[in-house]
Amino acid sequence: MLKKANEFLWKIFVFIFEMILLPLPFFQKVWWKFWYNWLSKDKDREKDFLFMNYGHHEIDAVEEKKREESYLKKKRSFFTTDNSAMARLYFYLCEEFPSSFEGKNIVEVGSGRGGGARFISENYPLRSFIGLDLSSKSIEFCNDVHENAPHLSFKKGDAENLPLPNASVDIVLNVESSHCYPHFEKFIEEVTRVLKKGGHFIFADFRPPEKTHELEELFLKKGLKLVSKNDITKNVLMALDYDSDQRVSFIKRFTPKFMFPVMKIFSGVKGTLIYKKFQDKDLCYFYYVLSKDS
Ligand SMILES: C[S@@+](CC[C@H](N)C(=O)[O-])C[C@H]1O[C@@H](n2cnc3c(N)ncnc32)[C@H](O)[C@@H]1O
């Protein structure tokens, strides 16, 4: 009875949050900062919790086997297999990237707990990798946990005001973070400002499908040319199918009991709101590669 009442109250909270509060730009930024600081409030806990995305899984069995072999050859010793679908989202983005990382300066905006930054900087021959995040607690966590990773550093920074000089970056990476930005257009202006001519923007996130046209027009208007585009919603759903039990057991370990329902929603557990939105195509997960006009 109590459990049902708690679930019901959280559903009301999520509804008010999505419909009334989240559309307010000021609230949006304050909320996400609070939320991600809360998730990383204690830097000594849960050091194997390094990713915060919905993951990726190959649908085709042959492709899966091929990818599996190449994935297993990568250095992954710093995180447990619990993270694998989420790490594999990064793996997929890198493997599908049509250019090379060799000798490149890469910046990830919204690097979270640094698992993706660590995975890429340890496995690809880049020159430097900077992870930026709005959450100072996540940056503290990353500076501690990823201290000895090669070519890798972390810095606090807002996507809408990047703490980087003009034309200083070869690749900007952005994974499942941009839906938190109240002024997405400002972020895209910042991406074009910091990218060198001919540099790349690797972008992965979810949106309602009817918003993609708007998104692509904005990229073009700001001088970003489309290199490739993939709808990976089915792969994300498959990853959530595989991962849901692990996600639930992690939530049970990590959060107070009364928050289980809302944590399940945010982490996309099978059968909950965001999972259903992916299933019904109310939300689609995209992977874009764009380049700055040279
Ligand atoms: C869902 S997590 C994804 C983290 C990471 N990319 C991953 O896949 O594990 C979203 C991240 O975006 C960050 N974020 C939200 N708003 C931001 C902003 N305005 N500037 C920079 N980072 C932001 C959050 O603090 C959080 O770490």
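The conversation below takes up how the terms used for this predicted model follow from its coordinates.

Biologist: What should I know about the numbering and the model before we start?

Modeller: Residues are numbered from 1 along each chain as its sequence is written. The model is predicted, and local features need pLDDT of at least 70, side-chain atom pairs count only at pLDDT 80 or more, and totals for chains, interfaces and linings use all residues.

Biologist: How do you know whether K281 is buried or exposed?

Modeller: K281 has 11 other C-beta atoms within 10 Å, so it is exposed. Its place is in the loop between α11 (273–279) and β7.

Biologist: What makes P182 partly exposed, and which residues is P182 in contact with?

Modeller: P182 has 18 C-beta neighbours inside 10 Å, so it counts as partly exposed. Contact requires that the C-beta atoms of two residues, placed from the backbone, lie within 7 Å, and, leaving aside its neighbours within four places in sequence, P182 is in contact with P25, Q28 and K29. P182 is found in the loop between β4 and α7, and its C-alpha atom is separated by 7.6 Å from that of F26, 156 residues apart along the chain.

Biologist: What is the phi of E176, and why does E176 count as buried?

Modeller: Phi of E176 is near 50°, a positive value in a residue other than glycine. Most residues other than glycine have a negative phi. E176 is found in the loop between β4 and α7, and it counts as buried because it has 21 C-beta neighbours inside 10 Å. K281, too, has a positive phi, of about 65°, although it is not a glycine.

Biologist: How do you know that the span of helix α4 agrees with its number of residues?

Modeller: The expected span of a helix is 1.5 Å times one less than its number of residues. The 13 residues of α4 (residues 84–96) should therefore span 18 Å, and its end C-alpha atoms are 18 Å apart, which agrees. Its buried residues are A85, M86, A87, R88, L89, Y90, F91, Y92 and L93, and they pack against α3 (61–72), α5, β4 (169–175), β5 (195–207), α9 (233–254) and β7 (284–292).

Biologist: What makes α3 hardly covered?

Modeller: The count of buried residues among the 12 residues of α3 is 0. Helix α3 reaches 16 Å from its first C-alpha to its last, close to the 16 Å expected at 1.5 Å a residue.

Biologist: Why is β1 described as largely enclosed?

Modeller: Because 4 of the 5 residues of β1 are buried, it is largely enclosed by the rest of the structure. As for β4, 7 of its 7 residues are buried, and this strand is mostly covered.

Biologist: How do you know which strands pair with β1?

Modeller: Two strands pair if DSSP finds at least two bridges between them. Strand β1 (residues 105–109) and β4 pair in the parallel sense over 3 bridges, while 5 bridges join β1 to β2 (residues 128–133), again in a parallel run. The bridge partner of I106 in β2 is F129, and in β4 it is I171.

Biologist: What makes a crossover right-handed, and where does the chain cross from β4 to β5?

Modeller: A crossover is right-handed if, with the strands pointing away from the viewer, the path from the first strand over the helix to the second runs clockwise. Strands β4 and β5 pair in the parallel sense over 6 bridges. The chain crosses from β4 through helix α7 (residues 184–194) to β5, and this β-α-β crossover is right-handed.

Key: Helices (H or I, at least four residues) and strands (E, at least two) are DSSP runs, numbered from the N terminus. A residue is buried if 20 or more other C-beta atoms lie within 10 Å of its own, exposed if 12 or fewer, and partly exposed in between; C-beta atoms are placed from the backbone.
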